[in-house]
Amino acid sequence: MTAPPPPRRVSASASCAAPPEGGDFIDPVAQPPDPRLLCRFGVTRALRHGVLPWRRIGGRTMVLYAQPPSPGARAALERAGFERLRYRPCAPEALRAVLLPLAEPVLLLRAEARVPLDQSCRGVGRRPLCLLAIATGLGTALSFAVAPAAALALVCALCALTLCINTALKIAAALATLRRPPVRPRPAPTSAEMLPVISLLVPLLREERMLAPLLDRLARLDYPRDRLDLCLIVEADDCATRAALSRLALPGWARQVVVPTGRIRTKPRALNYAMFFARGSLIGIYDAEDAPAPDQLLRVAARFAARGPEIGCLQGVLDYYNARSNWIARCFTLEYASWFRVVLPGLDRLGLVVPLGGTTLFLRRHAIETVGGWDAHNVTEDADLGLRLARRGFRTELIDSVTLEEANARPWPWIKQRSRWLKGYAMSWGVAMHDPDRLWRELGPWRFMGVQALFLGTLAQFTLAPVLWSFWLVIFGLPHPMSPWLDRQDLLGLALVFVLSECVTYAVAAVAARRAGQPKLALWAPLLQLYFPLATLAVWRAMWQVLRRPFHWEKTRHGVFDPTTPLSVPPPPSPRPASAG
């Protein structure tokens with residue numbers, strides 16, 4: 001499926017080509033607008049474009065603005081039938097004070113239910129999962145009751161199959177990154193006036209301690225300030241964060257977006273709401289603890305300019321600035337290095353669906369609006385969005401620009417965070433498999449099977465991991481609980497598959513650590529044997545939450561660990577094979 005063409009890019013210089021009339025500021029609060037004009041234009045449209053059809057005076061329509069109207073705003077006014085326009089300035093606070101109370105109910109409803117019901121986990125996500133769980137549970141119980149030996153053999157075979165699929169995917173991804181990257185034309189040098197406006201959406205919840213470091217890190221971005229639109233998204237009842245923001249002097253390119261209290265509280269809901277206020281033709285997502293590379297936005301703008309409209313999203317590389325905090329942080333860094341420097345670039349080369357990370361992703365505005373924004377009820381909104389982009393014909397590419405963030409390196413918070421991720425994986429798979437025929441048609445056989453391996457394979461491997469760990473007994477010559485029902489040769493064969501899989505995991509981790517510029521980190525790979533059991537606890541907790549609290553967002557606390565890597569030192573780039581130019 002070919003993606004529709006992107007919207008026309010509007011530069012700031014073009015928006016000022018016909019300067020609006022000046023004059024004294026008008027206060028629309030003290031002098032309310034004509035409701036007929038506002039109804040004719042639309043409250044949400046007025047809020048989005050930052051203009052307010054105020055009154056008709058002397059046969060002309062007076063339009064108030066907080067910033068010089070863009071060509072898109074002028075065109076929208078003309079399409080609404082307004083002629084003989086005259087522009088007058090007003091204070092941004094006054095414009096929002098008039099429009100927001102009227103628009104908030106509509107915007108909040110759209111933010112929570114923007115994705116169609118048949119593509120959102122608020123409607124269809126749990127049914128396939130429940131059917132799968134019931135069928136699996138009943139089948140397992142019946143098998144063990146009738147033929148326990150056959151049931152054990154079936155469980156072992158399922159474990160081996162899952163392990164082989166995931167291992168084969170890692171090997172294929174690693175080999176794919178060794179191929180020479182496709183030759184792509186270098187973008188022509190772009191003047192500052194032609195750079196697109198980039199809106200950076202940063203959801204904040206109880207992040208009062210991270211505000212000053214965040215603004216300092218984002219201030220290092222090398223991008224024209226009149227093309228930068230930073231939206232700091234806060235919840236209306238998050239008094240601590242809002243109070244901390246009020247004490248800071250925000251730069252002119254940053255503003256606060258307050259999300260009203262609603263039926264749910266999730267990051268994707270906040271992003272959907274903030275999209276109504278974002279000005280950019282490109283949308284970037286950061287988290288509160290992020291420290292992006294200074295040239296990241298310039299590289300993103302250049303890549304989008306060089307690529308066609310089918311490239312709807314760019315995913316940056318994530319790394320950790322507290323990798324040496326403790327053993328969990330080291331293992332987490334190894335896992336992220338394997339994922340972002342080997343697996344995801346390999347999936348891209350293999351033509352499979354690329355599940356996105358929750359930060360350092362950049363979208364064409366047209367692409368995110370085409371797929372209906374984020375699923376506000378999905379707690380792993382990034383992976384779900386990557387899948388829906390692929391279903392609508394858009395492609396995701398990796399870009400070799402690094403953002404450093406804080407590793408969640410405490411056991412129980414790590415389990416809670418991973419439970420949320422795996423719960424979202426499960427719900428995303430459930431939504432996709434609500435209509436498998438449609439998924440097959442939209443993705444094709446190759447990518448359809450890739451989705452099963454990525455989503456269902458990940459869940460199955462973590463769920464069945466205790467069975468796999470039991471084969472350490474065979475390796476060390478100890479009796480295995482399944483010895484009475486399985487031949488010695490079968491047990492040895494399964495143990496060999498398990499050992500080979502672990503060797504592949506270590507090899508991928510070593511390659512990833514080297515590509516991340518931290519080759520000595522690979523020495524910690526054996527501790528992954530203690531690290532991944534935490535994910536097994538997380539997956540069982542996630543399955544319970546799918547049934548009990550499917551839309552509950554468990555907040556990860558930031559600012560717990562100090563950086564062990566100086567943030568003033570540029571992060572190491574990705575390797576050339578993972579680069580796309």
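This dialogue explains how to read several features of a predicted model.

User: How many residues does helix H15 have, and what distance does it reach from its first C-alpha to its last?

Analyst: Helix H15 covers residues 411-432 and has 22 residues. From first to last C-alpha it reaches 31 Å, close to the 32 Å expected at 1.5 Å a residue.

User: Is H15 mostly covered or mostly exposed?

Analyst: H15 is mostly covered, with 17 of its 22 residues buried.

User: How should I read aromatic pairs, and how many are there?

Analyst: Rings of Phe, Tyr and Trp count as a pair if their centres lie within 6.5 Å. By this rule the count comes to 18 aromatic pairs. One of them joins Phe332 and Tyr531, with 6.3 Å between the ring centres and 50° between the planes, a tilted arrangement. Phe332 belongs to helix H12 (residues 327-350) and Tyr531 to helix H20 (residues 528-531), so this pair ties together parts that are 199 residues apart in sequence. Phe332 counts as buried because its relative accessibility is 1%, and Tyr531 counts as buried at 0%.

User: Which aromatic pair involves helix H15 and helix H16?

Analyst: The pair is Tyr425 and Phe455, also tilted, at 4.8 Å centre to centre and 35° between the planes. Tyr425 lies in H15 and Phe455 in H16 (residues 436-463), so the pair connects parts 30 residues apart in sequence. Both Tyr425 and Phe455 are buried.

User: Which residues do ring pairs link into a cluster?

Analyst: The cluster contains Tyr320, Phe332, Tyr336, Phe340, Trp414, Trp421, Phe462, Tyr531 and Phe532.

User: How many salt bridges does a search of the whole structure find?

Analyst: The search finds 25 salt bridges. Among them, Arg395 pairs with Asp348, and their closest N and O atoms are 3.3 Å apart. This pair links distant parts of the chain, since Arg395 is in strand S11 (residues 395-405) and Asp348 is in helix H12, 47 residues apart. Arg395 and Asp348 also belong to a salt-bridge network with Arg303, Arg307 and Glu397.

User: Which salt bridges does Glu442 form with Arg391 and Arg438?

Analyst: An α-helix has 3.6 residues a turn, so residues three or four places apart point the same way. Glu442 and Arg438 are 4 residues apart in helix H16, and therefore separated by about one helical turn; their salt bridge spans 3.0 Å, N to O. Glu442 also meets Arg391 at 2.5 Å, N to O. Arg391 lies in helix H14 (residues 381-391), so that pair ties together parts 51 residues apart in sequence.

Key:
Residues numbered from 1 in each chain as written. Predicted model: local features only at pLDDT ≥ 70, side-chain atom pairs only at ≥ 80, totals over all residues. Heavy atoms only, no water. Helix = DSSP H or I, 4+ residues; strand = E, 2+ residues; numbered from the N terminus. Expected span 1.5 Å × (residues − 1). Buried < 20%, exposed > 50% of the residue type's maximum accessible area, 1.4 Å probe, protein only. Phe/Tyr/Trp six-rings, centres within 6.5 Å; stacked < 30°, edge-to-face > 60°. Salt bridge = Lys/Arg side-chain N within 4 Å of Asp/Glu carboxyl O.
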